[in-house]
Amino acid sequence: QVQLVESGGGSVQAGGSLRLSCLVPVRTCSSYAMGWFRQAPGKERRFVASISWNGGSTYYADSVKGRFTISRDNAKNTVYLQMNSLKPEDTAVYYCAAGSRVVTGPDYWGQGTQVTVSS
């Protein structure tokens, strides 16, 4: 069982910034692509961003492109999601995920962290 632990969620006003972190087990961090997903109340969980195992390539949902940045520091076993210019529609529980095909079918999930953006 791989345990992913998110942190950094909270409440912020529209236009503000937050940085989410995901602590990843050592063996997982250098082996898998990592991603972030989010789930708003009453909606399905949706893809936000992903990063390859070595950080060489990233991929974003259109809704966050230009505002969010995913990065990873394998030496610290941590994946980050920097969120800028936040909007109320970004309000959701954000989940860290890991897997060989993280965009379409992650193998492992974190427990989630709440992000609330007020107008």
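Strands here are DSSP runs of E with at least two residues, numbered from the N terminus. With that in hand, welcome to a short tour of this predicted model. One disulfide turns up in a search of the whole structure, along with 3 salt bridges. There is also a nonpolar core of 33 residues and a pocket of about 260 Å³. Let's take these features in turn.

**The largest pocket**

- Rolling a probe the size of a water molecule over the atoms shows where empty space is left.
- The largest pocket holds about 260 Å³ of space, and 15 residues line it.
- Nearest the centre of this pocket are R38, A40, K43, R46 and E89.
- Which strands each supply at least two residues of the lining? They are β4, covering residues 33-39, and β5, covering residues 46-51.
- Strand β5 gives the largest share of the lining, with 3 residues.
- What kinds of residue make up the lining? It divides into 8 charged, 4 nonpolar and 3 polar residues.

**The salt bridges**

- Side chains of opposite charge can pair when their charged atoms come close.
- R38 and D90 are buried.
- D90 also forms a salt bridge with R67, where the closest N and O atoms lie 2.7 Å apart.
- Because D90 is in the loop between β8 and β9 and R67 is in the loop between β6 (58-60) and β7 (68-73), this bridge ties together parts 23 residues apart in sequence.
- R67 is buried, as is D90.
- Through shared partners, the salt bridges join R38, R67 and D90 into one network.
- The side chains of D62 and K65 meet in another salt bridge, at 3.0 Å from N to O.
- Is D62 buried or exposed? Its relative accessibility is 66%, so D62 counts as exposed, since the cut-off is over 50%.
- K65 has a relative accessible area of 49%, so K65 counts as partly exposed.

**The nonpolar core**

- In soluble globular proteins, nonpolar side chains tend to be buried together.
- The largest nonpolar core here has 33 residues, and M34, W36, L81, M83 and Y94 have the most contacts inside it.
- Which elements give two or more residues to this core? They are β3 (18-23), β4, β5, β7, β8, β9 and β11 (113-118).
- Strand β9 provides the largest share of the core, 5 residues.

**The disulfide**

- C22 and C96 are joined by a disulfide, with an S to S distance of 2.1 Å.
- The link of C22 and C96 is left-handed, with -85° about the S-S bond.
- Why does this link tie together separate parts of the sequence? C22 lies in strand β3 and C96 in strand β9, so the pair connects parts that are 74 residues apart in sequence.
- C22 and C96 are both buried.

Key
Residues are numbered from 1 along each chain as its sequence is written. This is a predicted model: local features need pLDDT of at least 70, side-chain atom pairs count only at pLDDT 80 or more; totals for chains, interfaces and linings use all residues. Side-chain values use heavy atoms; hydrogens and water are left out. On a 1 Å grid over the protein atoms alone, a cavity is a set of points where a 1.4 Å probe fits but cannot get out, and a pocket is an open set with protein on both sides within 12 Å along at least five of seven lines; lining residues have an atom within 4 Å of a point. Grid points are joined across faces, edges and corners, and a volume is the space filled by probe spheres set on the points. Helices (H or I, at least four residues) and strands (E, at least two) are DSSP runs, numbered from the N terminus. Ala, Val, Leu, Ile, Met, Phe, Trp, Tyr, Cys and Pro count as nonpolar, Asp, Glu, Lys and Arg as charged, and the others, Gly among them, as polar. A salt bridge is a side-chain nitrogen of Lys or Arg within 4 Å of a carboxyl oxygen of Asp or Glu. Buried means under 20% relative accessible area, exposed over 50%, partly exposed in between (1.4 Å probe, protein chains only). A nonpolar core is a set of buried Ala, Val, Leu, Ile, Met, Phe, Trp, Tyr and Cys residues joined through side-chain atoms within 4.5 Å. A disulfide is a pair of cysteine sulfur atoms within 2.5 Å.
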